[in-house]
Amino acid sequence: MQTITTVAELRRVLAEARKAEKRIGFVPTMGYLHDGHLALVEASRAKCDVTVVSIFVNPTQFGPNEDLSTYPRDLLRDEQLSRDAGVAVVFAPDADEIYPAQFESFIEPGELAKPLCGAFRPGHFRGVATVVCKLFNMVQPDVAYFGQKDFQQCAIVCRMAADLNLPIEIVTVPIVREPDGLAMSSRNRYLCADQRRRALSISRGLFDVADKFQSGERDVEKLTAIAKKHLTTLDRLQYLEIVDADTLKPAENPLRRTAALCTAAYVGSTRLIDNVILPLPTS
Ligand code: AMP
């Protein structure tokens with residue numbers, strides 16, 4: 001496995017792989033890897049010859065009062081985990097390599113970036129779409145892997161790839177959870193034991209809704225209320241909403257198309273997101 005920090009070197013190494021007709025899989029991350037990230041690597045390894053993981057804490061997707069400076073970082077550990085997982089290339093550039101001094105061009109996502117996290121993190125998805133597009137241009141993968149954990153991000157990246165005719169297949173990988181249900185996240189390390197316990201009500205609420213949905217409940221308000229009952233252990237609920245899985249607009253009541261129950265909440269000062277898909281045949 002190689003760790004590369006410059007775009008020039010990355011292009012050189014991947015040009016060779018491409019010339020040898022290797023299929024290139026790409027997993028963009030902000031590092032501090034966990035089993036959720038490694039599930040994306042596994043999905044890539046199953047279908048591609050060469051897997052590239054980027055590790056870049058992208059400053060343009062953080063708001064002024066968010067956790068950019070404290071976001072957990074451990075490149076040595078990430079390299080070891082990547083090596084063990086069969087990654088061929090770790091791309092770990094400095095911020096200057098991605099955003100040189102004169103940088104001023106951004107990708108502006110549309111309606112999909114407005115609800116849910118977009119409503120609470122202005123500019124977040126502009127930063128995400130921009131860095132993902134830049135990384136796509138640097139790596140030029142055949143396939144790129146994203147986690148369903150960031151459901152809105154997946155929708156925006158798929159839209160961007162279609163709108164900009166990017167010749168990249170986008171694959172979404174299901175959420176990987178801790179044995180007790182908490183969705184894995186690099187930010188879970190911020191939680192003390194009490195917060196970790198209280199955070200569990202998020203997945204409990206989502207699972208309860210998934211059960212009731214499976215038993216036939218289709219009423220959006222009833223399903224939302226079921227989740228809400230669980231969330232009393234959280235310090236601040238940002239949103240809890242059932243949205244249409246394609247448009248991310250509020251789902252029609254009663255549910256007739258695939259929807260997702262999405263939530264974001266604070267436990268202490270840690271913001272956690274999670275979701276569950278409520279699948280229906282979509283005409
Ligand atoms: P991050 O490093 O948090 O930006 O995440 C990098 C990629 O890993 C994104 O596509 C995330 O959706 C995905 N990811 C993060 N946590 C999980 C998880 N628990 N299960 C599956 N994918 C995840």
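Predicted model: local features only at pLDDT ≥ 70, side-chain atom pairs only at ≥ 80, totals over all residues.
Figure 1. Strand E8 (residues 259-267) and E9 pair in the antiparallel sense, over nine bridges. Strands pair if DSSP finds at least two bridges between them. Strands are DSSP runs of E with at least two residues, helices are runs of H or I with at least four, and both are numbered from the N terminus. Residues are numbered from 1 along each chain as its sequence is written.

Figure 2. Contact means heavy atoms within 4.5 Å. Axes are lines fitted to C-alpha atoms, for helices over the stretch in contact; angles run from 0 to 180 degrees between N-to-C directions.

**Figure 3. The six-stranded parallel sheet.** This open sheet has the order E1-E4-E3-E2-E5-E6, and its pairing is parallel. Strand E1 (2-4) and strand E6 (169-173) are the edge strands, and each pairs on one side only. From one strand to the next, the twist averages 25°. Helix H1 (residues 7-19) packs on the sheet and touches E1, E2, E3 and E4. The direction of H1 makes about 135° with that of E1. Strand E3 (residues 50-55) and strand E4 (residues 89-91) pair in the parallel sense over three bridges. Ser54 has Phe91 in E4 as its bridge partner.

Figure 4. An oxygen atom of the ligand lies 2.6 Å from a side-chain N or O atom of Asp150. A backbone N or O atom of Met30 is 2.9 Å from an oxygen atom of the ligand. A polar backbone atom of Gly147 is 2.9 Å from a ligand oxygen atom. A polar contact is a pair of N or O atoms within 3.5 Å. The protein covers 93% of the 480 Å² of accessible area that the ligand has on its own (Shrake-Rupley method, 1.4 Å probe).

**Figure 5. The shell around the ligand.** The ligand is surrounded by 17 residues, each with a heavy atom within 4 Å of it. The closest are Met30, His37, Asp150, Val176 and Met184. The shell divides into nine nonpolar, six polar and two charged residues. Asp, Glu, Lys and Arg count as charged; Ala, Val, Leu, Ile, Met, Phe, Trp, Tyr, Cys and Pro as nonpolar; the others, Gly among them, as polar. H2 gives the largest share, three residues.

**Figure 6. Two backbone details in loops.** The peptide bond from Asn253 to Pro254 is cis, with omega near 0°. Pro254 is found in the loop between E7 and E8. Leu116 has a positive phi, near 50°, and is not a glycine. Leu116 sits in the loop between helix H4 (95-98) and helix H5 (117-120). Most residues other than glycine have a negative phi, and most peptide bonds are trans.

Notes
Heavy atoms only, no water. Polar contact = N/O pair within 3.5 Å; in protein donor to acceptor, adjacent residues only side chain to side chain.
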